[in-house]
Amino acid sequence: MTQSNIDFLNLVEKYDAPLYVYDSQKIADNYNRFYNAFEVPKLKVHYACKALTNLSILRLFHSLGSGLDCVSIQEIKMGMMAGFKPEDIIFTPNNISEEEYDLAVKLGVRINVDNFEMLEYFGATYPGLPLCVRINPHMMGGGNRKISVGHIGSKFGISIHQLPLLETIVKSFNIKVVGVHVHTGSDILDSDIFIKAAKIILGVVDKFDDVEYVDFGSGFKVAYKPGGLHTDISEFGKEFSQTFNAYCEERGKELELKFEPGKYMVSNAGYFLVRANVIKQTTATTFVGVDSGMNHLIRPMFYDAHHEISNLSNPEGKKKIYSVVGYICETDTFGADRQLNEVRKDDILMFENAGAYCFAMSSNYNSRYRPAEVMIHNGQDHLIRKRETFDDLLVNQVDPKLF
Ligand SMILES: *Cc1c(COP(=O)(O)O)cnc(C)c1O
């Protein structure tokens, strides 16, 4: 799938493995393709930074003109360090404390409220504060249940069926609802879902006079295999813009359109490089055991996600069938029964689509170090995170030597 002229093997020589590599040009291309797909008077794209939160990635998005979507106060702080202005940051957390909301109010970001209790809290504590409400339209959006967040059993958002109660609370506290938000999940297979959700959400916009923007969240699907299903953003953008513009015209409103893509922006711009430690033949399977595991890339185990794997060290080698597995004491299978060019000990394997929710979900499980991260920008490689060391594992441990 990759058409990249990055010299990955050279990077491994220089920085060692396992290693994450990000291509800034691909991210810029993704952002521009996305932005240009919509034909509306006012558009703001807020990168959902939980997908990949390195400061250099945030600075890159800032330089592209993007806003940010944050789900924790720490993400907000990092976004501000990277140069984002508070008004360009949307805060869409769930189930957080009042204290965390208070901090976000102090920082001046746009707040997205996803339950009545918090709405009442805001109404009582911050009269006149502009707020955005997160609506759950109850549509099965995501590619699988773990990443579907808009369905009836989901913990996210204010139910569309409770719209009358929402109106009552807004009226009674005189809350200024400036935004309406929906996010139905990741990997949405059918973009009609967006259009359907849009119609429901625009019905909510009708109920509030102060609305300035409508935020349709994300869920754009990227291809994980050559020819794999993905959202055709320009086709979708055209159709969606028509629906949106027609609504605005009909109502005589000049609303801003917002989206919060994460995966779409960074997934295909990331590569993960690992080294083959062991080739092990069992009765049924040939395993390649690599110097990484679910501690560095958990998506295959957690979401059954597919990542293309290739052997960079032996591109002409005969194709053989392998199961690529990790070094963690769990069944951490990256890919079962994959055809790879013959793998020898110390060969370097590459995982694709390693930009979104890969490093961001990494851990120190089994007391392993998290990998280094490198950004390729204008043909140069830049270290943007050091590999951890033994000291990092101990840095917050307190040892009162009780025994
Ligand atoms: C995670 C998240 C996103 C990004 O979803 P992707 O599938 O990565 O594009 C957007 N908005 C909210 C509120 C999220 O929680």
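Here is a short walk through this structure, from the whole chain down to one strand.

What you see is a predicted model. Its chain contains 12 helices and 18 strands. The radius of gyration is 23 Å, close to the 22 Å that the globule rule gives for 403 residues, so the chain is as compact as a globular protein of that length. Along the principal axes, the C-alpha atoms fill a box of roughly 70 × 60 × 40 Å.

Of the 403 residues, 55% are buried. Among contacts between residues at least 6 apart in sequence, 68% join residues at least 24 apart. The chain has an accessible surface of about 18,600 Å², and carbon and sulfur atoms account for 49% of that area. As for charge, there are 42 positive and 51 negative charges, and their mean positions lie 3 Å apart.

Now find strand β1, at residues 19-23. Five of its five residues are buried, so β1 is largely enclosed by the rest of the structure. Leu 19, Val 21 and Asp 23 point one way from the strand, while Tyr 20 and Tyr 22 point the other way. Buried, here, means under 20% relative accessible area.

Which strands pair with β1? One is β17 (residues 372-377), which pairs with β1 in the parallel sense over five bridges. To locate this pairing, look for Tyr 20, which stands opposite Glu 373 in β17. Another is β11 (residues 270-281), which runs antiparallel to β1 and is joined to it by four bridges.

Methods
Residues are numbered from 1 along each chain as its sequence is written. This is a predicted model: local features need pLDDT of at least 70, side-chain atom pairs count only at pLDDT 80 or more; totals for chains, interfaces and linings use all residues. Side-chain values use heavy atoms; hydrogens and water are left out. Helices (H or I, at least four residues) and strands (E, at least two) are DSSP runs, numbered from the N terminus. The radius of gyration is taken over C-alpha atoms; the globule rule is 2.2 Å times the number of residues to the power 0.38. Buried means under 20% relative accessible area, exposed over 50%, partly exposed in between (1.4 Å probe, protein chains only). Contact means heavy atoms within 4.5 Å. Accessible areas come from the Shrake-Rupley method with a 1.4 Å probe; for residues, only the protein chains shown count as cover. Lys and Arg count as positive and Asp and Glu as negative; His and the chain ends are not counted. The place of a charge is taken as NZ of Lys, CZ of Arg, CG of Asp or CD of Glu. Two strands pair if DSSP finds at least two bridges between them.
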